[in-house]
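Please walk me through this structure, one element at a time.

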Amino acid sequence: MSKIQEVKELVEAGKSKKIAVAVQEALDAGGQPGEILQAMVDSMSVVGDKFSAGEIFVPEMLIAAKAMSKGVDVLKPLMTGDNSASLGTCVIGTVAGDLHDIGKNLVSMMIESAGFTVVDLGVDVSAEKFVAAIKENENVTLVACSGLLTTTMPALKEAVATIKASGLTGFKVIVGGAPVTPEFAAEIGADGYAADAGSASVKAKELVK
Amino acid sequence: MNQRENFFAMLEGKKPEFIPNMMELYKICILGAERADEPIVSGRDVFGVNWIVTKEGAMPEPNNFMFEDIADWKEHVHFPDVDSLGIEEAAKIEMTDVNRDDVIVNVYSPCGLFERLAAFMGFENTLCSLVEDPDSCREFFEAFADYKIACFNRYIDTYQPDVITYLDDLATANGLFMSPAVYRSVIKPAHQRIVDAVTSRGVIFAQHTCGKCEKLMEDYVEMGVKIWSSAQIINDLEGVMEKYQGRLIVEGGWDTSGPASYIGASTEEVIAETIRCAKQYGKYGNFILMPSLLTENGNSLLVGDPRLGPMIEAWHEVDKL
């Protein structure tokens with residue numbers, strides 16, 4: 001098995017203790033950092049698909065993301081200034097009045113694993129704070145707003161409306177959360193909707209292409 | 001039949017006269033758990049976890065973890081002495097003027113095994129630990145089950161409840177957080193001991209699990225759970241009611257993500273949802289309605305809501321079996 005193939009399999013299996021050595025071995029065997037990173041991104045794409053299909057569960061997805069993150073740590077010093085694989089910056093947060101962060105955190109991890117630089121604003125994020133973060137960060141290509149409660153659906157609507165009315169451009173807005181439907185997402189003017197963390201990374205890539 | 005007689009008929013698999021509405025059926029007691037598990041106002045619980053209480057409910061402060069590696073739990077988790085919690089006083093307050101001949105006394109116990117570990121170390125760390133260090137998780141769950149059992153014994157001595165509702169949300173809207181195999185191997189053994197401790201004292205065990213958790217129903221029934229609450233419609237509720245008739249009561253049915261649960265839902269929408277629940281689920285004979293109405297001020301059942309009166313009135317027109 002090639003060293004890069006080994007890296008792919010270790011990410012998919014969530015073997016975070018072994019990944020750093022495997023990535024280093026892949027580099028030592030002549031693999032290019034970009035090529036190894038792409039292999040890990042591809043692996044996470046498989047993990048996302050399996051999660052969306054119900055073949056694996058949240059823990060397996062989390063440990064895969066954790067393994068990828070440790071692998072990326074080895075590559076980072078070698079890739080300074082190389083943004084060729086980056087899909088841009090994603091600003092993410094749970095909307096105002098809502099303190100739930102599990103769904104948002106899972107989406108954040110999967111989106112990061114897909115190749116975005118993630119700026120996580122946390123929970124209870126006002127519409128104005130989303131706008132400020134878009135202004136403050138470079139190359140924002142995606143804004144992701146999460147909400148778990150039916151009571152915070154109006155805040156989701158307000159966040160999307162405020163972001164769209166800000167006059168800022170160059171990014172798409174994606175929404176999600178338990179009570180959110182594709183119809184609701186369309187109604188409030190979001191560019192995309194995803195039902196779970198796996199499909200969120202697929203949708204995110206599709207939106208910024 | 002009054003509420004109590006009707007409930008026990010349903011529990012025994014006989015034909016009830018009407019479909020119970022949990023708002024009328026139970027005397028729900030929460031003060032014991034407020035002292036033992038999670039506070040009802042913002043602040044630290046008995047373990048030192050900081051909770052934030054909003055109008056939607058209580059949750060541990062996000063990103064403020066007591067520990068991040070499950071192997072360290074013994075250094076950080078100190079179980080309080082149940083004698084010091086004041087459960088006796090809580091029971092005295094809550095049980096004054098309760099007509100035991102009519103209602104069912106139901107003691108709530110939030111923050112079950114999984115939720116408690118997540119309160120200590122966050123959901124992501126907890127979920128990773130279940131597969132990365134299952135032995136330490138099992139050890140923690142067994143120790144926490146001992147604490148829960150001690151609390152439950154005290155509830156039973158002081159409240160003399162008919163039902164204890166144990167809350168542990170193991171699922172998202174899309175499915176279980178963890179695979180059924182991981183649940184069975186890591187959480188279930190301690191969970192089973194908790195169920196046994198309650199049922200061995202003649203108290204009915206109600207399991208509250210939100211989300212799409214139908215894959216655990218067989219486990220729950222086999223363990224001795226008699227009521228599954230907050231049963232949300234993302235599950236095949238009718239399939240569950242049909243399969244477990246006479247063995248499990250399904251409490252829920254309300255479309256918690258639908259228009260009747262939106263802020264500002266009209267009285268007509270609330271009544272329509274009430275009637276849908278009665279017509280769709282009542283016929284199985286093992287269904288209790290659990291409405292979920294929210295206002296800008298919080299849960300309607302706690303803060304009041306002018307829609308509740310017309311909703312109950314409409315319910316009584318369709319609840320006969």
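**Helices, a sheet and a domain**

In this predicted model, helix H4(A) passes helix H5(A) in a left-handed crossing. H4 covers residues 58-75 of chain A, and H5 covers residues 102-114 of chain A. The two pack at an angle of about 45°, and their axes are 10 Å apart. That angle makes H4(A) oblique to H5(A).

H4(A) brings A:Val58, A:Ala65 and A:Met68. H5(A) brings A:Leu106, A:Met109, A:Met110 and A:Ser113. By class, six of these residues are nonpolar, one is polar and none is charged.

Helix H1 spans residues 3-13 of chain A, and helix H2 spans residues 16-28 of chain A. Their axes lie 8 Å apart, at an angle of about 160°. H1(A) and H2(A) are therefore roughly antiparallel to each other. The crossing of H1(A) past H2(A) is left-handed.

Which residues of H1(A) and H2(A) make the contact? From H1(A) come A:Lys3, A:Ile4, A:Glu6, A:Val7, A:Leu10 and A:Val11. From H2(A) come A:Lys18, A:Ile19, A:Ala22, A:Val23, A:Glu25 and A:Ala26. Eight residues of this contact are nonpolar and four are charged, with no polar ones.

Three strands of chain B form an open sheet, in the order E2-E3-E4, with antiparallel pairing. Why is one side of E2 and of E4 left without a neighbour in the sheet? Strand E2 (43-44) and strand E4 (57-60) of chain B stand at the edges, and each has a single partner strand, so one side of each has no neighbour in the sheet.

Strand E3 of chain B takes in residues 50-54. Four bridges join E3(B) to E4(B), and the two strands run antiparallel. To find your place in E4(B), look for B:Met59, which stands opposite B:Ile52.

Finally, return to chain A for an annotation. An unreviewed UniProt entry places the feature "domain: B12-binding" at residues 87-209 of chain A. Over residues 87-209 of chain A, the chain is 44% helix and 20% strand. The end C-alpha atoms of that stretch are 8 Å apart.

How values were computed. Residues are numbered from 1 along each chain as its sequence is written. Chains are lettered from A and ligands numbered from 1 in the order in which they are written. This is a predicted model: local features need pLDDT of at least 70, side-chain atom pairs count only at pLDDT 80 or more; totals for chains, interfaces and linings use all residues. Axes are lines fitted to C-alpha atoms, for helices over the stretch in contact, and angles run from 0 to 180 degrees between N-to-C directions. Angles under 35 degrees count as roughly parallel, over 145 as roughly antiparallel, 65 to 115 as roughly perpendicular and the rest as oblique. A crossing is left-handed if the near helix is turned anticlockwise from the far one by less than a right angle, and right-handed if clockwise. Two residues are in contact if their C-beta atoms, placed from the backbone, lie within 7 Å. Ala, Val, Leu, Ile, Met, Phe, Trp, Tyr, Cys and Pro count as nonpolar, Asp, Glu, Lys and Arg as charged, and the others, Gly among them, as polar. Two strands pair if DSSP finds at least two bridges between them. UniProt positions are given in the numbering used here, feature names are shortened, and annotations may be inferred rather than shown by experiment.
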